[in-house]
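Okay, thanks for making time, everyone.

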Amino acid sequence: MKSDSDYIYWLERWSGWILIGFFTLIPVVRWAMLEPVAVRFGSFNSTLLTFGRLAGLVGFMLYAINLVLSIRRRWLENLFGGLNRVYIAHHLTGGLALVFLLFHPVFLAFRYIELQTLATIKDAASFLLPRAIHFDASYYEVQDAIAINNGIIAFLGMVVLLFITFFVKLPYRIWVFTHKFLGVAFVFAGLHTIMIVSDVYHDPFLKIYIIAWTIIGLAAYVYRSLLGNMFVRRLPYKVISCGVLPGNVVHVFLEPVHKGIDFKPGQFVFVRFLWSESDNITQEAHPFSIASSPNEPNSQLRLYMKALGDFTASLKNLKPGTIAEIEGAFGRFLPARYDNAPQIWIAGGIGITPFLSIARSFNQNKPQVDMFYSVQTRSELIDQEALADFLPKNYPQFKYHPFVSEEQNGFLTAEYINSEAGGVKGKEIFLCGPPPMMKSIRAQLKSMGVPNSKIHSEEFSMS
């Protein structure tokens, strides 16, 4: 029998996907009601026309939803169970939209090669080319030409941009710049869908629905990509100090210029450094987990940043006085939501950062917690004065288990965690670290009978 927590987990994980399916299927169901199935699939030509129009309709809806998923709002987190899962949905809907929109013109063009003659093959090829607009043509001929050209522009733009997204490794700031043009391609896609003579053009419900989603997608694009500096709430912070720790980890203290952000222990923020006397620090927004308590003096933020890419490697050049913009906080990695259940915290390397924030907010009302912290060498252990000294002495319900791989001659395993923590079943397990480690530990825990709903993790990687 499933518990209430299982149902809550299921809703948090799948409610966003249910809504994506619901909004995508509404126009499909309406479209299917407009003509009998026998007419839709009555011949080779009509079947290809049906598949082509259906692919275009579904592809457009996924394209619009994809833009909405990019706006980085907390209500989206609630629908998907975390911003990391919102971005997974964003990635998947973008890929599916590309597939459906690729098939849209292909199916329509293939109608011309039913007889497999040279003339029909030429017609199929010419169908995919832009239309010339003649001034002496009728209104409907001009409209049709403009609609088709809009579709070709949208199609080529989206194919190129999504090909870059999925198959070309670009520096992050260049990728962000190219991504902004997805909204431009969407505008042409919306104009094509509304103007082309089809079921959408003739049916009032479909037409209004597609116009509404064109406006929604365009509004999302303008909000995040064009006018983000105006609409997106970011608070200015100033770097107080910066240092490099063993393991190539940069430790940064920031304090608010005016008002600090509100956050819960375990959440993360997007940080963008605006100016610096240092070299090679670009103005890119990257996610970092907060390592400080919400009750830190002067609302200071404590961040640990592992040098994993060009941007994070450059942060060691930060100087006191550097101004940063902070957006957030985000994340559902919140052990406080499960106060009554015994917990196991598992951190690997820089994955300790959210747990440091949680640990700094520890009190006598917390449940039994076993904290496992895995690093390669002992020098890489961060904030030992809190984890190994202060917390165990002041809070008997907190037990600390450091795991140094070079001393243990191996990696941290679920079996080791199970033996040291007195069992893993019936406990809420929180996991943060390198993706291979999290994948391995999660698989081991599941093989020991721990349900997926009891294993909580949040992965975000933009180095």
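Let's begin with histidine 456, which is buried at a relative accessible area of 12%; buried means under 20%, exposed over 50%, and partly exposed in between, with a 1.4 Å probe and protein chains only. You'll find histidine 456 in strand E11, residues 455-457. Strands (E, at least two residues) and helices (H or I, at least four) are DSSP runs numbered from the N terminus. Leaving out residues up to four places away in sequence, histidine 456 touches Phe333, Tyr338, Glu428, Ile429, Phe430, Leu431 and Arg442, where contact means heavy atoms within 4.5 Å.

Quick word on the ground rules. This is a predicted model, so local features need pLDDT of at least 70 and side-chain atom pairs count only at pLDDT 80 or more, while totals for chains, interfaces and linings use all residues. Residues are numbered from 1 along each chain as its sequence is written, and side-chain values use heavy atoms, with hydrogens and water left out.

Now, salt bridges. Side chains of opposite charge can pair when their charged atoms come close. How many salt bridges does the structure hold? There are 13, a salt bridge being a side-chain nitrogen of Lys or Arg within 4 Å of a carboxyl oxygen of Asp or Glu.

One of them joins arginine 53 to aspartate 199, with the closest N and O atoms 3.8 Å apart. That pair links distant parts of the chain: arginine 53 sits in helix H3 (residues 44-68), aspartate 199 in helix H10 (residues 199-202), and they are 146 residues apart. Arginine 53 counts as partly exposed at 29% relative accessibility, whereas aspartate 199 is buried at 13%.

Next, glutamate 296 and arginine 302 form a salt bridge, closest N and O atoms 2.6 Å apart. Buried or exposed, those two, glutamate 296 and arginine 302? Both are buried.

Then there's lysine 393 with aspartate 389, a salt bridge at 2.8 Å, N to O. They are 4 residues apart in helix H15 (residues 384-394), so about one helical turn separates them. Lysine 393 is exposed at 67%, and aspartate 389 is partly exposed at 36%.

Last stop, tryptophan 14, in helix H1 (residues 4-33). Tryptophan 14 is partly exposed, at 40% relative accessible area. Together with Trp10, Leu11 and Ile18, Trp14 makes a nonpolar surface patch of about 420 Å². Okay, that's my tour.

Technical notes:
Patch = residues over 30% accessible without salt bridge, like charges linked within 9 Å, V, L, I, M, F, W, Y side chains within 5 Å. Areas by Shrake-Rupley, 256 points an atom, 1.4 Å probe, with all protein chains shown as cover.
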